[in-house]
Amino acid sequence: MSKRSVEVHWKEHHGAYVEGLNKALAKSDILYGYTLDDLVKVTYNNGNPSPDFNNAAQVMYKVL
């Protein structure tokens, strides 16, 4: 994998997920204060994922 591929993936793709999640957290008193693992569980909403689930799950996946 080239240096450019890694830069695009981590800076652009991962960065967009982090930014989206941070915006959601700033707007919501409900989501604030959870660990990343708990955010994924809470936003999954028992099989009816909220719009913030994708950002939380992608951020968590990239961290692992």
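Glutamate 19 and lysine 23 are joined by a salt bridge, their closest N and O atoms lying 3.3 Å apart; the term denotes a side-chain nitrogen of Lys or Arg within 4 Å of a carboxyl oxygen of Asp or Glu. About one helical turn separates glutamate 19 from lysine 23, because they are 4 residues apart in helix α1. The model is predicted, so local features need pLDDT of at least 70 and side-chain atom pairs count only at pLDDT 80 or more, while totals for chains, interfaces and linings use all residues. Residues are numbered from 1 along each chain as its sequence is written, and side-chain values use heavy atoms, with hydrogens and water left out.

The whole structure holds 3 salt bridges. Another one links glutamate 7 and lysine 3 at 3.9 Å, N to O. Lysine 3 counts as exposed at 66% relative accessibility, whereas glutamate 7, at 26%, is partly exposed (buried means under 20% relative accessible area, exposed over 50%, partly exposed in between, with a 1.4 Å probe and protein chains only). In helix α2, aspartate 37 and lysine 41 are 4 residues apart, and their closest N and O atoms are 3.1 Å apart in a salt bridge. Helices are DSSP runs (H or I, at least four residues), numbered from the N terminus.

What aromatic pairing does the structure hold? There is 1 aromatic pair. The rings of tyrosine 44 and phenylalanine 53 have centres 5.4 Å apart and planes at 55 degrees, so the pair is tilted. Rings of Phe, Tyr and Trp (its six-membered ring) pair if their centres lie within 6.5 Å; planes under 30 degrees apart count as stacked, over 60 as edge-to-face and the rest as tilted.

Definitions and conventions: Helices (H or I, at least four residues) and strands (E, at least two) are DSSP runs, numbered from the N terminus.
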